[in-house]
Amino acid sequence: MFYKFLLVIIFITLFWGETMGVEIKLEKPSLKGKLSVEEAIKDRQTIRSFKDKALSISQLSQLAWAAYGITHKGFYKTVPSAGALYPSDIFFIIGKGGVKGIEPGVYHYIPEGHLLKLILSRDKREIVARASLSQMWMMEAPIMILITVEYRRVTRKYGERGIRYAHIEAGHIGQNIFLQAESLGLSCGIVGAFYDDKIKEVLNLPKNFEPLIIMPVGYKK
Ligand SMILES: Cc1cc2nc3c(=O)[nH]c(=O)nc-3n(C[C@H](O)[C@H](O)[C@H](O)COP(=O)(O)O)c2cc1C
């Protein structure tokens with residue numbers, strides 16, 4: 001009995017221990033950019049080839065905030081949301097050397113507090129690219145941003161129609177990421193073709209979180 005208990009403790013320490021409690025406080029977002037909104041809209045394109053060049057923590061902070069950060073009354077976010085129910089979550093898949101000063105891993109963005117929580121250690125880009133119908137170009141990007149949805153947050157109020165609302169909201173998040181990346185001198189890809197179950201499994205996502213969009217981000221070649 002004692003040995004069984006010991007084995008469970010060793011297992012937990014090995015597989016979850018290194019991620020427990022690791023948080024990264026992000027930088028305050030900047031409200032001034034180098035590009036006009038019009039220029040960012042005009043320049044936006046889906047990019048599928050990236051330089052091997054790290055992002056800075058301030059670029060990462062800005063992308064997280066643009067995606068789903070809090071903008072007003074301490075609650076409302078950068079995107080519109082039916083009933084302000086905010087069914088999405090944002091995850092960052094950070095590659096080895098992908099962001100200066102940040103260990104590779106999968107991080108959950110927590111808008112209240114503007115911080116990242118480590119949920120999985122190690123570089124998961126290759127496994128994500130493979131789960132995306134082997135679109136191996138994705139793993140050239142130093143980071144990938146995953147948008148998930150928890151449907152019950154909206155279907156509780158709106159029934160089946162909530163599904164449509166959640167998808168519309170995710171589109172807003174994706175466009176914010178595209179435009180913010182342009183303004184930072186970065187580029188994005190966007191991927192909807194992947195095996196949902198595989199992505200959930202390899203990224204250890206909570207049971208009710210469905211992956212919707214994966215956006216590789218970096219400097220275009
Ligand atoms: C929901 C959605 C899913 C997409 N999935 C993929 C994908 O899996 N792989 C890919 O290379 N491009 C994907 N794209 C990108 C489109 O191919 C691209 O947006 C389109 O060719 C228009 O080009 P542009 O974005 O450069 O204007 C997707 C775009 C959207 C909106």
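In strand 9 (residues 210-218), G218 is the bridge partner of S187. This pairing belongs to a predicted model, in which local features need pLDDT of at least 70, side-chain atom pairs count only at pLDDT 80 or more, and totals for chains, interfaces and linings use all residues. Residues are numbered from 1 along each chain as its sequence is written, and side-chain values use heavy atoms, with hydrogens and water left out.

Confidence comes next. The protein has an average pLDDT (the predictor's confidence in each residue, from 0 to 100) of 94, and 92% of the residues score at least 70. Helix 1 (residues 2-15) has the lowest confidence, with a mean of 49, while strand 7 (residues 143-149) has the highest, at 99. Helices (H or I, at least four residues) and strands (E, at least two) are DSSP runs, numbered from the N terminus. Where pLDDT is low, the predicted coordinates should not be read in detail.

Seven strands form an open sheet in the order 1-6-5-4-7-9-8, with antiparallel pairing. Its edge strands, strand 1 (23-25) and strand 8, each pair on one side only. Two strands pair if DSSP finds at least two bridges between them. Strand 8 (residues 187-188) is joined to strand 9 by two bridges, and strand 9 runs antiparallel to strand 7, with seven bridges between them. Here V149 has E210 as its bridge partner in strand 9. Strand 7 is also joined to strand 4 by seven bridges, again antiparallel; F92 is partnered there by I145. On to strand 5 (residues 105-110): four bridges join it to strand 4, with V106 standing opposite I93. Strand 5 and strand 6 (residues 115-121) share six bridges and run antiparallel, and L115 in strand 6 is the bridge partner of I110.

Strand 4 (residues 88-94) is largely enclosed by the rest of the structure, because seven of its seven residues are buried, where buried means under 20% relative accessible area, exposed over 50%, and partly exposed in between (1.4 Å probe, protein chains only). S88, I90, F92 and I94 point one way from the strand, D89, F91 and I93 point the other way, and all are buried. Strand 9 is mostly covered, with seven of its nine residues buried.

Most residues other than glycine have a negative phi. A84, in the loop between strand 3 (76-77) and strand 4, has a positive phi near 50°. S134 also has a positive phi, of about 55°, and lies in the loop between helix 4 (125-131) and strand 7. S134 is partly exposed, with a relative accessible area of 43%.

Finally, the ligand. Its surroundings consist of R44, Q45, T46, R48, Q135, W137, I190, V191, G192 and A193, a residue being near a molecule if one of its heavy atoms lies within 4 Å of it. This shell divides into four nonpolar, four polar and two charged residues. Ala, Val, Leu, Ile, Met, Phe, Trp, Tyr, Cys and Pro count as nonpolar, Asp, Glu, Lys and Arg as charged, and the others, Gly among them, as polar. An N or O atom in the side chain of R44 lies 2.8 Å from an oxygen atom of the ligand, and one in the side chain of Q135 lies 2.8 Å from a ligand nitrogen atom. The backbone of G192 places an N or O atom 3.0 Å from a nitrogen atom of the ligand. Taken alone, the ligand exposes 630 Å², of which the protein buries 51%; accessible areas come from the Shrake-Rupley method with a 1.4 Å probe.

Methods. Polar contact = N/O pair within 3.5 Å; in protein donor to acceptor, adjacent residues only side chain to side chain.
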